[in-house]
Amino acid sequence: KEKIVQFFKDLDIYRKESVIYPVHELLYRIFAKTGYYEYVLALPAGSVRQANLDMLIQKAVTYGTTSYHGLFHFVRYIQNLQKYEVDVAPGNTSSEQDNLVRITSIHKSKGLEYPIVIVAGMGKTMNRQDSRAKILLHPDYGISADFIDAKRRVKVPTLPARAFSRKILVDGSSEELRVLYVALTRAKEKLILTSCDRHLENRLSKWDVVKECQTQALPFTITSKANCYLDWVLMALAREHKESIAIKQVSMDDLFTPEIEKEMNLLFKQKEFEELDTTKTYSSEMSEKIRRHLSWVYPFEEELKLHSKFTVSEIKSMYGEKEEKEEAIESLVQKEEAAESLVQENQEGELPFEPTLPKFMSEEEENVRAATRGTLYHRVLQLLDESKTYHTDVIKGQMEEEVAKGKLDRLALKSVNA
């Protein structure tokens, strides 16, 4: 009962505050009062949950810049995102300084550096589909295809088609070699290359021909025979460093047994935690330590509410709030007295009673918002000639001229202090 009563009290407070505060400030206040922001951090994947709350705050800030206002429209906005299944990325919890493993493509890693780089899949065959297409396209040479004899129902490769195929193959290999260079130059401290091959001994012996090459740079006739990144690496190692390649045969048992043992240990630990008696104290020392941490109160809590800096509008609202209230009360009193006098004179027959016009039809001074007034000040300063010397009357006169020309809104005459 006490929890439900307190809940409705808090809900009533939040309802009143939702009318006063922007949505993002309301969320901040709810997080601070309930401790929900800290609570989610203790849940599984807590850092991601907190990042999602931060993203919700950011959505509320962005919503505040639109023409819509209020909690109701914000809730409808979030509901529409869910209704139309708008893809919203989860909150990002990682940064460049975090201790983590980043998985990325070679193209995406271009220009970046990492302490340790693992280039995986070196044995994957390079894509040569473009060179084997039925219609071959080349940006410099044009289009080529095989000769087709419809009567004899045969297809014969033409000399241009073979030339095109070879050219596309060479260009593709050159591009792949540049990509490999990018992969091999991303590491700061350590570079690890991994590959799988069913017949590694045969592949190693395949490149023994490289030893006979006398030139420092490998000739094109050899490098063009590579089918994967591993071939290029083995070519470089085959000359002088073949003995540095340590070959170790790894069985399936060696790969899977440690992983199975690890998973089983985690499963047993989980069951052990599920069967724990939560009413029992297993360690009095740890229990006391946890109690001290949970009951600790920050001694300078009040100082956190102090602003480190104030905007002009905040200072004005702090010091001008009392004066504005007094002026507003005085204005209301004057209006009531004037209304009573008008009614009395009308009853005596001295003056005809005139109905009050709506605000949009009257010529009373309009209540200009601060943002609009600021825009008008900018516009007036923009129209002034900075080479002239001004005083108040001249500025007023020029403002009236600009209003007459249509370059300045008439609100400026009432809102801008010359």
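1. Val 119 is a residue of strand 1. The model is a predicted one, and in it Val 119 has a relative accessible area of 7%. Because buried means under 20% relative accessible area, Val 119 counts as buried. Setting aside neighbours within four places in sequence, the contacts of Val 119 are Ala 183, Leu 191, Ile 192, Leu 193 and Thr 194. Leu 184 lies 65 residues away from Val 119 along the chain, yet the C-alpha atoms of the two are separated by 8.0 Å.

2. For the chain as a whole, the model shows 15 helices and six strands. The chain has 418 residues, of which 17% count as buried. Its accessible surface comes to about 34,900 Å², and carbon and sulfur atoms account for 56% of that area. Of the contacts between residues at least 6 apart in sequence, 57% join residues at least 24 apart.

3. Which residues have the most contacts inside the largest nonpolar core? They are Met 122, Trp 207, Tyr 229, Trp 232 and Met 235, in a core of 21 residues. At least two residues of this core are supplied by each of strand 1 (114-119), helix 6 (159-184) and helix 9 (229-238). Helix 9 provides the largest share, namely seven residues.

4. Trp 207 deserves a separate look. Apart from neighbours within four places in sequence, Trp 207 is in contact with Ile 222, Lys 225, Ala 226, Asp 231, Leu 234, Met 235 and Ala 238. There is also a second, separate core, which has 10 residues; among them are Leu 376, Met 399, Ala 412 and Val 416.

5. The next point concerns a helix pair. Helix 1 (residues 2-20) packs with helix 2 (residues 23-34) at an angle of about 160°, and their axes are 10 Å apart. Helix 1 is therefore roughly antiparallel to helix 2, since angles over 145 degrees count as such. The crossing of helix 1 past helix 2 is right-handed. On the side of helix 1, Asp 10, Tyr 14, Glu 17 and Ser 18 take part, and they meet Leu 26, Arg 29, Ile 30, Lys 33 and Thr 34 of helix 2.

6. How is helix 4 placed relative to helix 5? Helix 4 and helix 5 (residues 71-83) pack at an angle of about 120°, with 11 Å between their axes. The two helices are therefore oblique to each other. Helix 4 passes helix 5 in a right-handed crossing. Leu 56, Lys 59, Ala 60 and Tyr 63 from helix 4 meet His 73, Phe 74, Tyr 77 and Ile 78 from helix 5.

7. Ala 45 has a phi near 55°, a positive value in a residue other than glycine. Ala 45 is placed in the loop between helix 3 (36-41) and helix 4 (46-64), and its relative accessible area of 51% makes it exposed.

8. Is Arg 153 buried or exposed? Arg 153 counts as exposed, at 76% relative accessibility. Its place is the loop between strand 4 (147-149) and strand 5 (154-156). The phi of Arg 153 is near 60°, which is positive in a residue other than glycine.

Definitions and conventions
Residues numbered from 1 in each chain as written. Predicted model: local features only at pLDDT ≥ 70, side-chain atom pairs only at ≥ 80, totals over all residues. Heavy atoms only, no water. Core = buried A, V, L, I, M, F, W, Y, C linked by side-chain atoms within 4.5 Å. Buried < 20%, exposed > 50% of the residue type's maximum accessible area, 1.4 Å probe, protein only. Helix = DSSP H or I, 4+ residues; strand = E, 2+ residues; numbered from the N terminus. Contact = heavy atoms within 4.5 Å. Areas by Shrake-Rupley, 256 points an atom, 1.4 Å probe, with all protein chains shown as cover. Axes fitted to C-alpha atoms, helices over the stretch in contact; angles between N-to-C directions. Parallel < 35°, antiparallel > 145°, perpendicular 65-115°, else oblique. Left-handed = near helix turned anticlockwise from the far one by under 90°.
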